[in-house]
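Please read the points below alongside the sequence and the coordinates.

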Amino acid sequence: MYAIRRLEDASSVLYREKVIRGFCHLYTGQEACAVGMKAALRDIDSVITAYRCHGWTYVMGVSLHGILAELTGRQTGCARGKGGSMHMYSKNFYGGNGIVGAQVPLGVGISFAQKYLGTGGVCLASYGDGAANQGQIFEVYNMAKLWKTPTIFVCENNEYGMGTSTKRAAANTDYYTRGDFVPGIMVNGMDVLAVREATKFAINFVLKNGPILVESKTYRYTGHSMSDPGTSYRTREEVQEVRKTRDPIISFREKILAANLVTNEEIKEIENKIKDEITEASKKSRTDEEVPIEELTTDIYSKAANLKIRGILPSSELEHSTKGLAINL
């Protein structure tokens with residue numbers, strides 16, 4: 001959780017300095033959601049999420065440098081700098097998806113494949129409270145229940161959609177109840193241990209009964225994206241109150257200290273090591289080589305056969321190149 005927090009701090013700095021361009025949605029405050037769920041997942045399970053994906057990318061195996069380099073468009077990024085903030089991938093991690101809610105039907109497809117192939121795995125399809133009002137999500141609730149796919153629908157409810165409170169956008173803000181015929185549970189998304197245990201329950205449930213909906217009640221400290229200051233629809237005092245009373249990192253630190261599982265010195269050592277790694281990763285992500293123009297014609301087809309690239313003018317026909325197809329996981 002501390003690594004994700006520092007990662008997002010570094011991302012914020014790089015964006016403000018215009019080293020990161022385009023869109024950038026931070027996960028600050030929501031760290032317990034990704035970390036708690038990953039702690040319960042097995043090697044055979046899969047995850048797909050929305051565009052607030054830096055934290056998920058990290059827990060699914062990509063290094064801090066691989067993420068920051070991807071954000072800055074460098075060849076050393078986890079998708080060779082071609083995906084940017086919203087499109088990152090690793091083994092059993094299907095992104096990072098930029099279209100609101102569109103990853104949820106894909107998640108049901110992944111879990112359908114897992115059932116069809118008999119892998120014994122489940123798919124965790126995560127989305128935000130804003131996407132929870134999308135029609136396509138209700139369509140795939142139906143399909144998943146009908147086919148009893150091992151899908152864990154996860155609504156990471158951070159209380160605010162794109163510039164507005166959930167209470168202004170949804171008639172029913174109890175998102176765990178909105179599956180109707182899909183059962184739902186709600187968990188404190190600021191408590192990493194509670195999230196882990198809820199996910200363990202969900203995995204066992206979907207393998208026997210089909211889909212479940214998990215609402216993880218959390219809170220993000222930043223605006224919707226880096227272009228949103230996040231203060232026009234909520235007060236600074238509200239954000240500070242959550243930081244003081246519900247912060248997932250502070251509360252977990254207090255628990256393990258009280259249980260004598262760790263000392264202050266050991267925590268400091270962990271934090272200093274992470275800070276050093278972030279500093280080095282940030283430095284490299286500024287200086288690594290960018291993606292060359294020659295790679296414009298790569299990574300278009302999954303099975304390249306020197307095919308002409310469709311959808312361009314005949315006067316500028318290009319052929320698909322196999323150069324640089326390897327993804328840096």
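The points below cover helices, salt bridges and a surface patch.

1. Basis. This is a predicted model, in which local features need pLDDT of at least 70 and side-chain atom pairs count only at pLDDT 80 or more, while totals for chains, interfaces and linings use all residues. Residues are numbered from 1 along each chain as its sequence is written, and side-chain values use heavy atoms, with hydrogens and water left out.

2. Helix 8. Helices (H or I, at least four residues) and strands (E, at least two) are DSSP runs, numbered from the N terminus. Helix 8 covers residues 192–209, and its end C-alpha atoms lie 25 Å apart. The 18 residues should span 26 Å at 1.5 Å a residue, so the two values agree; the expected span is 1.5 Å times one less than the number of residues.

3. Buried face of helix 8. Buried means under 20% relative accessible area, exposed over 50%, and partly exposed in between (1.4 Å probe, protein chains only). In helix 8 the buried residues are Val192, Val195, Ala198, Thr199, Ala202, Ile203 and Val206. Seen down the axis of helix 8, these residues fall within an arc of 150°, so they line one face of the helix; the arc is taken over the directions from the helix axis to the C-beta atoms. Their packing partners are helix 2 (31–40), strand 3 (151–157), strand 4 (184–188), strand 5 (212–217) and helix 10 (248–258), where contact means heavy atoms within 4.5 Å.

4. Helix 2. This helix is mostly covered, with seven of its 10 residues buried. They are Glu31, Ala32, Cys33, Ala34, Gly36, Met37 and Ala40.

5. Side chains of opposite charge can pair when their charged atoms come close. With a salt bridge defined as a side-chain nitrogen of Lys or Arg within 4 Å of a carboxyl oxygen of Asp or Glu, the count is 15. Glu31 pairs with Arg5, with 2.5 Å between the closest N and O atoms. This pair links distant parts of the chain, Glu31 in helix 2 and Arg5 in helix 1 (residues 2–16), 26 residues apart. Both Glu31 and Arg5 are buried. Asp9 and Arg6 also form a salt bridge, at 2.2 Å from N to O. They sit three residues apart in helix 1, and are therefore separated by about one helical turn. Asp9 is partly exposed at 31% relative accessibility, and Arg6 is partly exposed at 23%.

6. Glu295 forms a salt bridge with Lys82, the closest N and O atoms being 3.3 Å apart. Glu295 is in the segment after helix 11 (264–287) and Lys82 is in the loop between helix 4 (64–71) and helix 5, 213 residues apart. Glu295 counts as buried, at 4% relative accessibility, whereas Lys82 is partly exposed at 35%. Arg80, Lys82, Glu295 and Asp299 are linked in a network of salt bridges.

7. Nonpolar patch. Phe112, Tyr116, Leu117, Met143, Leu146 and Trp147 form a nonpolar patch on the surface, with about 700 Å² of accessible area together. Helix 5 (103–117) and helix 6 (135–147) are the elements that each give two or more residues to the patch. Patches are made of residues with over 30% relative accessible area and no salt bridge; like charges are joined within 9 Å, and nonpolar side chains (Val, Leu, Ile, Met, Phe, Trp, Tyr) within 5 Å. Accessible areas come from the Shrake-Rupley method with a 1.4 Å probe, and for residues only the protein chains shown count as cover. Trp147, in helix 6, is partly exposed, with a relative accessible area of 38%.
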